[in-house]
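This briefing is meant for a reader who is meeting the structure for the first time. Please keep the sequence and the model in view while reading the points below.

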Amino acid sequence: MRYDVVILGGGPAGYVAAVTALQEGLKVALVERKYLGGECSNWGCIPSKALIELGNAVGLAKSLNKYGVSLSIGGVDRSKVLKHVSRAVIKAREGVKYLLSDAEIIQGYGKIKDPHKVKIEGEISRELEATNIIVATGTEPRSVPTFSFDGERIIHNRHFFELDSLPNTILIVGAGAIGCEISEALAQLGIEVHLVEIMDKILPEVDRDLSDLIHKYLLRSGVKIYTSSQAQFGGYVNNEVLVRIVSKGGTTEVKVEKVLIAAGRSYNTSNIGLEGVGVELDNKGAVIVNDFMRTTVPNIYAAGDVTGPPLLAHKAFREGVIAAESITGVKEPLPRGPVPMVIYTHPEIGFVGLNEAQAFRAGVDYKVLKFPYVALGRDSTSVRPTPEGFAKLIIEKNTSKILGAAVIGNGAADLIHLFTVAISHRLSIDELRKTIISHPTYSEVFSEIISEASGKPLHAPKHV
Ligand SMILES: Cc1cc2nc3c(=O)[nH]c(=O)nc-3n(C[C@H](O)[C@H](O)[C@H](O)COP(=O)(O)OP(=O)(O)OC[C@H]3O[C@@H](n4cnc5c(N)ncnc54)[C@H](O)[C@@H]3O)c2cc1C
């Protein structure tokens, strides 16, 4: 049987490519070695957000006491908590299956044999004829020096979200978005959390004014943070792992039930036949693609994490759509950016475009505007307010063009998309000022900072 397109990988890039190709009337086979939904539905976005929801619910319940609502939390059943997480996972996985009901889904490990042939290694080995191939194989968790995954005590995200019960103590290596999100959720659920980061600050992807605030909030929720520090495996002691945290000031030893490594991923680009057919990779192992998601072999496309950073599901969705539409002969592909990013801590962070450090490094003549949450009516009504939160706009001085935006505070995960629309469509401050935003909402952060940028602030304090 010959397919118009054979897709390797059923994660966000692969399944969205399949959905798009089906809409275009193509005959589609999707090969998945494990679960539909990929990293995102099974061990990433969905389970982590389900855990965070629970952590935040506990945080919210605790904060009610000071408003005269006395709630006592009897305790956290650590295996039941994970049941909520796995229910969310199953629902997401089933949802993907439903979307793909018109595609042929083949369980197995796919390898490209030649530009028009994919070999499936699985319970039943077979070969598929393909007019086009989309590589959407994603990434694998990667370990750090001195630690090797044992699946029990030294674990990665996939092990973590398949645990029967949450541990009493955990050390997380890597304070990027994933490390910070999981640390905070667990700490709110009453677990002892140590978070170790080799850089001198947490959240390397955001400016220091934002990461410093999250640092403060994480400490408040009980996370023990070690920056400029390296975690080293010190051996197994009874049922625990001994970890040496080596910092400039000395070495601290901690014993924990689990060590979760959240410090990097490697691309799934070896052992799938790419070298054999001449698909070129960059020096980090990601597939090189053009704006149509076409690789160096004309009928082979790639999409999602496998094409390099940012490693985000919505970037994978977009690239899946572009790859499938390219196959149908689209002349002008959808843009691949700007890609917003959200960090689901409390407070949330949303950012898009350049941050200040990037604008500085790029040598752009820019100015920064800030609007503080303390001036936001909606936040003052919250029972878990984020008064230290703010929005930040990076504007090119001579053109007044918005280069980037970041928001830290309640609602940031959603309202950042107003800025994303503005940047995507290159809308000017004058055009943006025409938009009316409801009061009181978190989205007013947008209209307030735009008013400020136009030189006519409404609620912004005079000296920010
Ligand atoms: C803990 C965690 C939290 C995250 N949270 C977020 C978040 O909140 N928001 C966000 O945007 N992103 C988040 N991400 C990132 C997100 O999960 C990824 O960006 C996204 O899953 C990438 O999609 P993909 O389709 O490119 O790859 P994947 O999701 O990795 O899918 C690749 C698929 O290919 C399959 N595969 C690999 N090789 C083969 C083969 N040879 N044959 C057949 N099948 C194969 C794999 O089994 C997998 O199902 C998170 C990641 C982690 C680890």
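Two strands are said to pair if DSSP finds at least two bridges between them, and helices (H or I, at least four residues) and strands (E, at least two) are DSSP runs, numbered from the N terminus. The model is a predicted one, in which local features need pLDDT of at least 70 and side-chain atom pairs count only at pLDDT 80 or more, while totals for chains, interfaces and linings use all residues. Residues are numbered from 1 along each chain as its sequence is written.

**Strand E15 and its partners**

- Strand E9 (residues 169-173) pairs with E15 in the parallel sense over 4 bridges, and within this pairing Val173 stands opposite Ile261 in E15.
- Strand E8 (residues 154-155) also pairs with E15 in the parallel sense, over 2 bridges, and here Ile155 has Leu260 of E15 as its bridge partner.
- Strand E15 (residues 258-261) is covered on both faces, since Lys258 and Leu260 on one side and Val259 and Ile261 on the other are all buried, where buried means that 20 or more other C-beta atoms, placed from the backbone, lie within 10 Å of the residue's own.

**The open sheet**

- An open sheet is formed by 3 strands in the order E12-E13-E14, with antiparallel pairing.
- Strand E12 (230-237) and strand E14 (250-256) stand at the edges with a single partner strand each, so one side of each has no neighbour in the sheet.
- Neighbouring strands of this sheet are turned by 25° against each other on average, direction ignored, where the axes are lines fitted to C-alpha atoms (for helices over the stretch in contact) and angles run from 0 to 180 degrees between N-to-C directions.
- E12 and strand E13 (residues 240-247) pair in the antiparallel sense over 7 bridges; Phe233 has Val243 in E13 as its bridge partner, and Val237 stands opposite Glu240 in E13.
- The hairpin of E12 and E13 has 2 residues between the strands, and in it Asn238 takes a positive phi near 50°.

**Domains and their contact**

- The protein chain is divided into domain 1 (2-140 + 266-327), domain 2 (154-263) and domain 3 (347-453), with bounds that come from an automatic or database domain assignment.
- The centres of domain 1 and domain 2, taken over C-alpha atoms, are separated by 27 Å.
- The contact takes 17 residues from domain 1 and 17 residues from domain 2, two residues being in contact if their C-beta atoms, placed from the backbone, lie within 7 Å.
- On the side of domain 1 that touches domain 2, the elements that give two or more residues are H3 and helix H4 (78-99), and H3 gives the most, with 9 residues.

**Around the ligand**

- Of the 35 residues around the ligand, Gly9, Gly11, Gly38, Gly138 and Gly304 come nearest, and a residue is near a molecule or strand if its C-beta atom, placed from the backbone, lies within 6 Å of it.
- Among the elements that give two or more residues to this shell are helix H1 (12-23), strand E2 (28-32) and helix H3 (45-63).

**Asp114**

- Asp114 is found in strand E4 and is exposed, with 12 other C-beta atoms within 10 Å, exposed meaning 12 or fewer such atoms.
- The C-alpha atoms of Asp114 and Val277 are separated by 5.9 Å, although the two residues are 163 residues apart along the chain.
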